[in-house]
Structure formats: C-alpha cells, structure tokens
Amino acid sequence: MADLVYLIPLLPFLGFVINGLAGKRLPKPVVATIACGTILGSFILSILCFKQVIDEGAFTAVLYDWISVGDTHIQIAFQIDQLSTMMMLIITGIGFLIHMYSDGYMHHDDGFHRFFAYLNLFIFSMLLLVMGSNYMLMFFGWEGVGLCSYLLIGFWYKNKEFGVAARKAFIMNRIGDLGLLLGIFMIFNTFGSIEYADVFKNAYAHGDSTNIICILLFVGAMGKSAQIPLYTWLPDAMAGPTPVSALIHAATMVTAGIYLVVRSNVLYIMSPNASELIMYVGLATAMIAGTIGIKQNDIKKVLAYSTVSQLGYMFVALGVGAYTTAMFHLLTHAFFKALLFLGSGSVIHGMGGEQDIRKMGGLKKALPITHITFLIGTLAITGVPFFSGFFSKDEILAMAHGHSDIVFTLLAMASVLTAIYMFRLYFLVFRGNFRGTHHQKEHLHESPMSMTIPLMVLAVLASVAGFLGMPGWMSDNHILNHFLHPIVEGSSHFHPSEFFEYTVLGISIVVLAVIIFSVRNYYITKSIVPESDEAETGFSKVLSHKYYIDEIYNTLFVKPIEALSVFLHKVVDNQIVDGIVNSIAWCVKQSANLLRLLQDGKLEWYMVGMVAGVLLILVFNFFM
Amino acid sequence: MAVLLIFIPLFASLLFLFIKGSMGKTIALSFSVLNLIFSIYLLSSFDAQSDEGFQFTFDQPWVESIGISFCGGLDGISLLMILLTNLLVPIIILSSYGKTPEYPAAFYGLIILMQAGLNGVFIATDGLLFYVFWEITLIPIWFICAYWGGENRVPVTIKFFIYTFAGSLFMLVGLIYLYLNTPGDHNFSWEALQMGARSLDAAGQQIVFWFIFLAFAVKIPIVPFHTWQPETYTVSPAPGTMLLSGIMLKMGIYGIIRWLLPFAPDLVSAGFNLPIVLCIIGVVYGGWIAIKQTDMKKIAAYSSLSHVGLIAAGIFTLTIDGLQGAVIQMVNHGINIVGLFLAIELIERRTGTRDLTKLGGIATKAPRLSVLFMIIVLGSLAVPLTNGFVGEFLLLKSIYSINIYMAAIAGLTVIFCAVYMLRLYNLAIFGDVTSYTVDIKDLNTRETILMGIIALLVIILGVYPQPIFDISKQAIETFQTTLTLK
C-alpha cells in the first residue's frame with residue numbers, strides 16, 4: 001500500500017489538470033466522470049489505507065527531498081496513521097458525494113469544467129494537508145485549500161461583491177497563515193526538524209517553548225477555522241456555489257484547524273496556557289456566532305454562523321484536552337452540516353436561486369426528499385437523542401463539565417441557541433405557507449437524483465455516525481476513542497458519572513421539546529415572519545448587524561491601513577524621500593549656477609583672477 | 001571559456017549597425033538563444049561539487065601597471081545568475097514581437113549589448129572589470145528607456161541615470177580605497193581585494209561597506225534609495241522594465257554577496273543588523289504603498305521593491321538559509337516579475353490602459369491570458385508549490401533565526417502581497433467587462449507559449465527546487481564558512 005499512497009492526492013490532481021486544460025472541449029458527462037472518478041479512486045485507496053492501518057498500524061511513505069539546504073531538510077512524505085486515514089475518508093467520502101451532487105447542481109453553469117477542476121484541486125490540497133508527515137507539507141495543503149477557497153468563493157467572478165468576499169477570505173486566512181508560519185519557524189529552531197515524528201519524540205525536552213509554539217499554531221487555526229477574531233470571512237464565503245459551502249466551508253477545510261491541534265496534541269498537552277486560550281476563544285466563538293445565527297434570514301448565512309459556532313465547540317473540546325471528542329464532533333458535523341448545506345442547495349435550486357427564508361415556507365410538499373433529509377440534519381445538529389450530534393455534542397458538554405461548571409453552562413447555552421436557530425430555519429423553510437412569488441411557486445421542484453442520492457446517503461450517516469462514540473451508560477466500547485488512541489496516547493481521559501449523563505440527557509430532552517414547541521408556535525401557529533432589517537430595533541438590530549464587527553474592523557484596520565498607504569505614497573515617498581533626493585540635485589544645480597557666474601566672459605576679471613592666483617602661490621611658497 | 005558569454009553578444013551587437021528593419025529581432029533572438037544554449041552547456045560541464053572556487057576561468061593582463069586584469073570565472077552563484085540572464089533575454093526579446101518598436105535594429109542591438117554587459121558583471125572576478133561592466137549595462141538600458149519609453153520619459157530616465165551613476169561612483173571610490181590596501185604591488189583581483197579588506201580596521205571596513213553599499217542600494221533599490229524606481233519602471237517600454245526588474249536589479253543583490261560582504265568581513269559577521277532593518281523597512285514600505293495604487297505597473301514596481309528588500313535582508317543574516325534563499329529567490333523573482341510585466345504589457349497592448357479602475361471582465365474574453373496570469377500571480381504571492389514560496393520561506397526563516405520580531409514584521413509581506421496582488425488580479429480580470437476590455441482578444445500562439453514557459457517554470461521550480469540549490473550549494477557553503485571564519 002505504501003507504494004500507492006502517492007496516488008491518493010495525485011488522482012484528484014490529475015483530474016484538475018485534465019479538466020483544467022481540456023475541460024472546455026469535453027462534454028459535460030465526461031468532465032463530471034473524470035472529476036468524480038478520480039475522487040472515487042482516492043476514496044477506495046483511502047479505504048485500503050484505513051484497512052492497512054487497522055491491520056498493521058501506521059506507516060510512512062517518503063517520495064523525495066523537497067529542499068535540502070544547510071541544516072534545513074524538508075521531505076515530501078506521507079504519514080498514514082489513524083488520524084490521517086480518518087480525515088482522508090471524510091475528505092474523499094464526502095468529497096465524492098458532493099462532486100456527484102455538483103453534477104446536478106452546476107449542470108447549467110457555463111463554468112462547469114472550471115468548477116470541477118477547482119473542486120479537484122481542493123481535494124488534492126486538502127489531502128496534502130492531512131497526509132503530510134511534517135508541518136511543511138501541512139502548510140502546503142493549508143495554503144492550497146485557502147487558494148481553492150478563494151477561487152471557489154469568487155467562482156461567479158462577474159459579481160464584484162463575490163470577488164471582494166473571495167479576497168477577504170484569502171487575506172484573513174493569510175493573517176492566520178503568518179502565525180502558523182512563524183510557529184513552523186519556531187518548531188524548526190527548537191527541534192531542528194519539522195517532521196512530526198522528530199518533534200513529538202523530543203517534545204518533553206523542550207517543554208518551555210511549546211506554549212508559544214502552540215499559540216502561534218493556533219493563530220493559523222483561527223484563520224482557517226474561522227474563530228474570533230478571524231471569523232468574519234466565513235459568512236461572506238457563502239457567495240460561492242452551495243456545494244462549495246458544503247465541502248469547503250463546512251465539512252473539510254474549516255476543520256483543518258482542529259486537525260492541526262489534534263495532530264500537535266503532544267505539544268498542546270504540555271501547554272496549559274495555550275490550551276486555556278483555545279478553550280476561551282472557542283467558547284466565545286460558539287456563543288457569539290450562535291446569537292448572530294438567530295437573526296439571519298439568508299438560509300446559507302444561518303448555516304454559516306452555525307458552522308462557526310460548531311467549530312467553536314470543537315475548539316472548546318480541544319482546549320479541555322478532549323482531542324478524540326473534538327474529532328468525533330468533527331466527523332458527525334461533517335456529515336450533518338454537509339447534509340444541511342446540500343439540502344439548502346436543493347432548496348435554493350428549487351426556488352430558482354432564492355436564499356431569503358422569509359420568502360420560503362411550506363416547501364415540505366414540493367421537496368419531500370430534501371425535507372426529510374434536512375429534518376434529519378436538523379435533528380442531528382440540535383442533538384436530539386440518538387442522532388449523531390447528540391453523542392458528540394453531549395460528549396463535549398461532559399468534557400467541559402469535567403473542566404469547569406461555568407464553561408459547561410455557557411456551552412450548554414450555546415447549544416440552546418443552536419436548537420433555536422436551526423428549528424427556526426426548519427419551520428420557516430419547510431412548514432407553514434409559501435411566501436414566495438407566484439412564479440417561484442410554479443417553478444418549485446424536487447432536485448434530480450444526482451442531488452438527492454447524496455442527501456440520502458448523508459442523512460443515513462448523520463443518523464447513525466454517533467454510534468461510533470457511545471457514552472459509558474450505553475456501551476463500554478467507544479469505537480472512535482479506541483481507534484484514535486495511538487494518536488492521543490498522552491492525553492488524559494475524563495469519565496463523567498452516569499448520574500451526570502442521565503441528568504444532562506433528561507434536561508436536554510425537555511429543553512429541546514420546549515424549544516421545538518415554542519419556535520413552532522411562534523413561526524407557524526402565529527405565522528410571524530422575521531422583520532426586514534430596517535425594522536429591527538435594540539439588541540436584535542445589533543444581532544442582525546452581526547454586532548457590527550465588519551464595520552468595526554473596517555474602521556479600526558482597513559481604513560487606517562488604506563489611508564496610511566496613500567500617505568506613504570503621496571507624502572513620504574513623493575515629497576519627503578524623493579524631496580531629499582531632488583534637493584541634493586537642486587543644491588548641485590545651484591552651486592553650478594553660482595560657479596558659472598565666475599565664467600562671464602569679461603577678460604578683466606580673468607586677469608584679476610590670474611594675478612591673484614600667482615600672488616597666492618608666491619605667498620605660499622615663500623612665506624609659509 | 002566563460003568569456004564567450006561576453007564576446008558573443010558584444011560582437012553580435014556590432015552587427016546591428018549594418019542591419020535595417022525587422023531583421024533585427026530575428027537576429028537578436030538567434031543570438032540570445034545561442035547564448036542560452038551556451039550557458040546551458042556550461043551548466044552541463046559545471047562541477048557543482050568542486051570547492052576549488054571559480055570554474056571556466058580566463059585571465060588576461062589588461063592594465064598591468066596598476067594591476068588590472070581581464071579575468072573572470074563562474075561559481076555556483078554566478079552561474080545561476082548567468083542562466084537567469086540568458087534565459088530571460090530571449091523571453092524579453094520574444095515578448096516585444098507583437099509590438100515592433102521604431103528603429104528595431106537599434107533597439108535589439110541595445111538589448112544584445114545589454115546582455116553582454118550583464119554577463120560581464122556576473123563573470124568578472126576583477127574589481128575594476130566588474131565596475132566597467134556595471135557601468136556598461138547602464139548605457140543600453142538608458143537608451144532603451146529614454147528613447148522607447150512612454151510619457152515623461154526623458155526627465156524620469158535622466159534621474160534614473162544620474163542617481164544610479166552617482167551611486168556607482170561611490171563604489172568606485174570604495175574599490176580604490178580597498179585597492180590601496182591590497183598587499184604588495186596592489187591589485188584589483190577579487191582575492192586581493194579580500195585580503196586588503198582583512199587588513200582594514202573597523203573604521204576602514206565601515207567606509208568600504210557604506211561606499212559600496214550605496215551603489216548596490218540604489219541599483220536594487222533598497223529604501224530610501226528607491227525613488228527613481230517606480231517612475232522608471234512605469235515609463236520604460238516593457239522590455240526595458242523587464243530588463244531592469246528581472247535582471248539588472250539582481251546585479252545589485254549579486255554584488256552584495258560577491259563584492260560587498262567579503263570586503264567588510266569583520267563588520268558584517270559581528271551581528272551587524274542595521275542593513276537588515278533597512279531592508280525590512282523596505283519590505284513593509286513597498287508592500288504598504290502597493291495596496292492603493294491603480295496603475296498595474298506601479299503595483300508591480302512597489303511589489304518588487306518589497307520582494308527584493310526581503311532578498312537583501314536574507315543575505316545580511318549570513319546564514320546558509322538566508323544566502324540560499326536569496327540566490328534562489330533572485331532566480332524566481334526574475335522569472336515572476338518578468339511574467340508579471342509581460343502580462344501587464346499584453347493587457348495594455350490590447351486595451352490601451354493599465355488603470356485598474358478602467359479594466360475588468362478579462363476572464364470572460366481571454367481565458368488563456370487569465371489562467372496563465374493567475375499562475376504568475378500565485379508565484380508572486382508565494383503560494384506553496386510555486387517558485388515564490390521556496391525563497392520566501394527560507395528568507396523569512398533566516399530572518400527568524402536572527403530575531404523573531406523582525407521575522408514577524410518582514411512576514412507582513414505575506415499579508416500585504418495577498419492584498420495588493422489579488423486586488424490587481426480581481427480588478428483587472430474579474431468583474432464585468434468595461435468599454436476598454438469589451439473587444440479584448442485572447443493570447444495568440446506565440447504569446448501563449450511565452451506565458452506558458454513562465455507559468456511552467458513557476459510550478460516546476462516550486463515543486464522541485466532542489467536542482468537549483470544543488471548548483472549553488474557548494475559555493476554558498478564555502479562562501480559562508482570563509483566569511484564567518486574569524
């Protein structure tokens with residue numbers, strides 16, 4: 001298997017090259033087959049890797065030396081272990097489903113081949129990110145996915161606003177990337193290598209530098225995984241086609257930060273301060289994004305803030321040292337959030353491009369498959385018992401409880417918010433009466449098979465994936481913990497008491513029931529439609545304006561930086577620096593003008609000069 | 001043997017006196033390709049493992065009475081510069097094919113003369129010979145820019161000429177000062193000048209350093225000696241801008257390695273951070289200004305200012321990472337900046353403007369141009385697996401090893417570059433078509449091949465850069481050990 005590992009990223013790359021170069025001339029089915037086929041190939045190979053890791057353990061496949069200069073040796077090598085195979089399966093598995101879905105969703109788009117080329121390039125980069133055996137290769141993938149994200153957010157490039165969103169995403173990611181890069185330099189300087197194996201082996205010998213390394217790495221994670229303060233790009237990223245939102249901005253790329261921390265868990269275990277920071281950032285993000293989500297009226301924006309909030313959850317888990325729990329939630333979230341996004345895509349498709357939930361309603365009849373699968377996704381994300389989110393979210397809550405009661409309480413409140421905005425979304429879209437135009441109503445249709453099959457597969461996964469990590473009161477065998485054990489050997493495990501588990505279970509059922517009932521009552525029975533943004537007042541106005549964070553960033557950073565740019569150019573560069581240069585030239589010119597006066601053509605003056613010169617020479621010769 | 005690299009183009013340039021009309025470009029291309037082939041031949045017979053110093057050497061007494069000789073040779077560093085020069089000149093000549101200049105014979109003759117001068121700069125191992133070639137290159141480039149340039153070209157290029165020429169005179173003084181300190185009968189050879197430098201006290205090394213530094217700082221340019229650069233890049237004809245930014249500024253960086261550091265060895269190897277600070281200020285300063293420019297050439301010019309600042313900063317760290325990063329980044333920056341100016345030129349030729357507020361929607365009309373331009377932009381952005389990343393990574397790493405805060409500040413280039421490069425690309429290529437871009441034609445076959453070669457180099461040198469390192473590895477290791485040896 002080790003000989004074939006390189007094919008896993010290479011296949012999508014080939015798909016990218018073929019569709020990128022020749023896609024325009026190929027018929028659409030061929031383009032789609034190449035794109036989906038290469039991902040399917042990678043998926044199958046990933047399964048083989050997975051099997052080998054289970055049977056024989058982790059292995060490494062070295063390809064070549066990327067650079068070898070002085071003491072800097074960096075190789076292109078893949079590390080196939082429990083963590084990377086898990087990520088590979090998620091990426092290629094969900095990636096395949098979303099490719100299939102895109103065949104239907106993007107069918108009428110002019111950029112069909114371009115879309116698939118970018119999507120394949122994304123899968124390639126994401127695979128590099130998780131498969132690399134060192135931080136450099138992770139960084140390759142890290143920047144690569146950022147690039148693909150930029151290309152895909154701005155996919156409909158004629159729209160200027162989409163282009164701005166794409167740039168914003170890339171630049172915010174780059175701010176994080178600088179942190180990550182400095183972290184990598186520091187790892188290099190401390191450990192003399194950036195191979196995971198070398199770094200983790202020697203981690204204990206360098207315990208004093210890990211805190212800063214971990215914080216720098218986390219800055220990178222903040223950018224990629226949209227945590228405070230670098231989260232504002234993700235909602236804007238919804239400008240991209242919906243399959244992109246599902247694949248990149250929900251299931252895979254944004255979880256790269258989680259992967260980074262789990263991969264480096266050996267370092268984080270020794271860095272309590274960095275871990276504490278992660279936990280608070282995650283907690284704040286979960287709460288703030290959750291509150292904003294309640295007031296959004298764009299179906300994709302609600303899901304985007306939900307993603308930010310859920311990622312915050314995962315970081316809380318990482319912060320309290322529950323690495324496998326974070327991975328568990330990453331897995332279930334990948335299923336149900338991809339499902340929800342694809343479902344929203346199906347809704348948007350059926351509604352002829354409409355994204356405003358105030359103009360939807362009662363779509364249950366026209367879109368039966370979308371409705372059922374979206375409902376399953378909603379039940380999963382809100383943590384209704386025995387759907388996947390229930391298991392992973394409760395595990396995070398339990399772990400937070402083990403850390404501190406305050407964190408637990410705040411996190412529990414965030415999960416109440418999740419339930420509110422998700423059921424609000426569900427009821428406004430699928431129940432009640434249709435609020436769109438007559439034209440939209442006639443146009444309403446269920447999506448084609450290529451779109452509904454992925455929905456159904458993901459719905460099944462979102463329902464059952466939770467059983468991979470059953471809590472202690474259900475089963476003694478936590479499959480995922482067991483599987484990931486070799487990766488997180490050093491981390492301690494907290495086991496909540498059964499009494500606590502039952503209490504949380506009981507309370508959460510009651511709370512969920514209350515929320516479902518009251519949200520239904522509010523939006524369906526009383527059929528209240530959210531007000532337009534202008535009509536909002538007080539705190540809900542603040543919420544619908546997303547706490548004015550974009551405006552604040554604009555005033556604090558963007559405007560001053562731009563103003564300084566103009567100042568540096570117009571004043572410092574053109575007047576001061578160049579002014580000095582020009583005044584030197586001016587001095588030369590003026591002194592030349594002065595000297596020129598001496599040479600005015602009057603012979604008398606020349607005679608006087610000559611005589612004076614001769615006299616001076618004589619004086620110097622004889623009297624000095 | 002390496003002397004042919006000077007004499008082939010030098011004699012070829014004389015041919016252009018007898019040529020009229022459009023024959024010039026064919027002849028120029030043939031000779032520049034001949035030079036490229038010859039430099040590849042030199043590469044193939046170059047022994048990269050040898051630590052004997054220069055290879056393919058030649059040595060003829062020139063002005064024997066004062067110890068000047070016509071001598072030269074190549075080591076790994078200068079060989080790379082030679083390869084870069086002779087690779088870029090044919091590309092630059094080809095790039096001008098779509099828009100034949102007035103008096104083509106003179107124009108192409110000057111480019112070939114320029115090639116001779118540039119090769120001479122990188123080959124010379126005699127201080128005065130280096131100086132002579134250094135000045136020779138200024139003459140053809142000045143004519144190219146001043147005669148074939150755009151609006152306002154005369155005052156701008158005269159300023160450029162006087163500024164760089166004045167800087168060079170300081171270098172001449174510095175070299176003569178060193179020469180007077182060489183042992184025995186005095187001698188301008190590189191080895192002798194180094195020995196002269198070793199005998200200098202701290203103050204003497206300071207004098208030598210700053211005098212010679214000034215010439216290089218103007219040529220590269222390093223902030224605050226840069227104010228000739230944005231204007232000159234903007235008014236020059238595209239081939240002139242490419243020669244200036246792609247190759248000529250590398251003379252200055254190469255000069256720092258070969259003709260500056262060894263002449264102030266005790267000074268530079270004792271934690272001499274002032275030049276690094278100066279360079280890093282330039283990195284941020286250039287990037288910051290580029291953010292709000294609307295002329296595409298100005299953005300490329302200020303971006304170049306920012307990028308070369310990083311290269312120079314890496315050199316002054318005197319680490320292997322910094323030196324290797326600088327050498328490979330010289331090659332990569334040369335390729336990328338020529339690609340960038342080529343793309344800008346192709347757009348300007350089609351639309352008649354470089355103003356970002358007037359452009360847009362090119363992606364719809366000219367997909368080939370857009371894709372190839374994107375790859376070049378990615379190279380400039382230093383996205384991993386493109387050539388720009390390799391050097392930037394090593395350079396920032398070398399600065400990090402000196403001081404983490406300096407690395408963080410220099411690292412701002414990672415962010416700024418994303419801001420101005422993507423702004424340039426998005427405004428020009430994306431969005432709706434404007435009245436300027438509505439009839440834009442996509443690249444023809446020749447242009448596609450030309451941009452394709454550059455794009456391919458951007459990717460290949462990013463995915464597998466080690467062969468380039470292998471060429472300069474030995475030379476840099478030897479250089480670094482002798483320099484830091486007390």
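A polar contact here is a pair of N or O atoms within 3.5 Å, where, within protein, one must be able to donate a hydrogen and the other to accept it. Keep that rule in mind for both interfaces on this tour. The model is predicted.

**Stop 1: the two domains of chain B**

Select chain B. Colour domain 1 as residues 1-174 + 223-249, and domain 2 as residues 274-486. The domain centres, taken over C-alpha atoms, lie 22 Å apart.

Now show the residues that touch across the boundary. Domain 1 of chain B brings 38 residues, in contact with 37 residues of domain 2 of chain B. Between them, about 3,100 Å² of area is buried. Carbon and sulfur atoms give 76% of that area.

Pick out B:L80, B:V223 and B:T234 next. Together they supply 19% of the area that domain 1 of chain B buries against domain 2 of chain B, more than any other three residues.

How many residue pairs are in polar contact between domain 1 and domain 2 of chain B? The count is seven, with both residues of each pair at pLDDT 80 or more.

Stay on this boundary and colour three helices of chain B: α3 (76-95), α10 (229-235) and α11 (238-260). Each supplies at least two residues of the side of domain 1 that touches domain 2. Which helix gives the most? α3(B) does, with 12 residues. By class, this side of domain 1 of chain B divides into 21 nonpolar, 13 polar and four charged residues.

The rule finds one salt bridge across the interface of domain 1 and domain 2 of chain B. Then select B:K298 and B:E231. These two residues form a salt bridge, with their closest N and O atoms 3.5 Å apart.

**Stop 2: where chain A meets chain B**

Bring chain A back into view. Here 48 residues of chain A are in contact with 57 residues of chain B. The area buried between the two chains is about 4,800 Å². Carbon and sulfur atoms give 71% of it.

Select A:Y157, A:R174 and A:F185. This trio supplies 14% of the area that chain A buries against chain B, more than any other three residues.

Two salt bridges cross the interface of chain A and chain B. Show the side chains of A:E562 and B:K292. They meet in a salt bridge at 3.7 Å, N to O.

Sorted by class, the side of chain A that touches chain B has 30 nonpolar, eight polar and 10 charged residues.

**Stop 3: chain A as a whole**

Chain A has 25 helices and two strands. Its C-alpha atoms fill a box of roughly 120 × 65 × 55 Å along the principal axes. Of its 624 residues, 58% are buried. Take the contacts in chain A between residues at least 6 apart in sequence: 80% of them join residues at least 24 apart.

**Stop 4**

Start with A:V244, in helix α10 (residues 242-251) of chain A. Buried or exposed? A:V244 is buried, because its relative accessible area is 0%, and the cut-off for buried is under 20%. Beyond its neighbours within four places in sequence, A:V244 is in contact with A:F115, A:L119, A:L152 and A:H249. Now draw a distance from A:V244 to A:V53. Their C-alpha atoms are 30 Å apart, and 191 residues separate them along the chain.

Move to A:R263, in helix α11 (residues 256-263) of chain A. A:R263 counts as buried because its relative accessible area is 4%. Outside four places in sequence, its contacts include A:Q79, A:D81, A:Y196, A:F200 and A:I487.

Finish at A:S346, in helix α15 (residues 323-350) of chain A. A:S346 has 0% relative accessibility, so this residue also counts as buried. Which residues does A:S346 contact, leaving aside neighbours within four places in sequence? They are A:Y101, A:L367, A:T370, A:E446, A:S447, A:M451 and A:L455.

Technical notes:
Residues are numbered from 1 along each chain as its sequence is written. Chains are lettered from A and ligands numbered from 1 in the order in which they are written. This is a predicted model: local features need pLDDT of at least 70, side-chain atom pairs count only at pLDDT 80 or more; totals for chains, interfaces and linings use all residues. Side-chain values use heavy atoms; hydrogens and water are left out. Helices (H or I, at least four residues) and strands (E, at least two) are DSSP runs, numbered from the N terminus. Buried means under 20% relative accessible area, exposed over 50%, partly exposed in between (1.4 Å probe, protein chains only). Contact means heavy atoms within 4.5 Å. Domain bounds come from an automatic or database domain assignment. Buried area is the accessible area (1.4 Å probe) that two parts lose on being put together, summed over both. A salt bridge is a side-chain nitrogen of Lys or Arg within 4 Å of a carboxyl oxygen of Asp or Glu. A polar contact is a pair of N or O atoms within 3.5 Å; within protein, one must be able to donate a hydrogen and the other to accept it, and residues adjacent in sequence count only if both atoms are side-chain atoms. Ala, Val, Leu, Ile, Met, Phe, Trp, Tyr, Cys and Pro count as nonpolar, Asp, Glu, Lys and Arg as charged, and the others, Gly among them, as polar.
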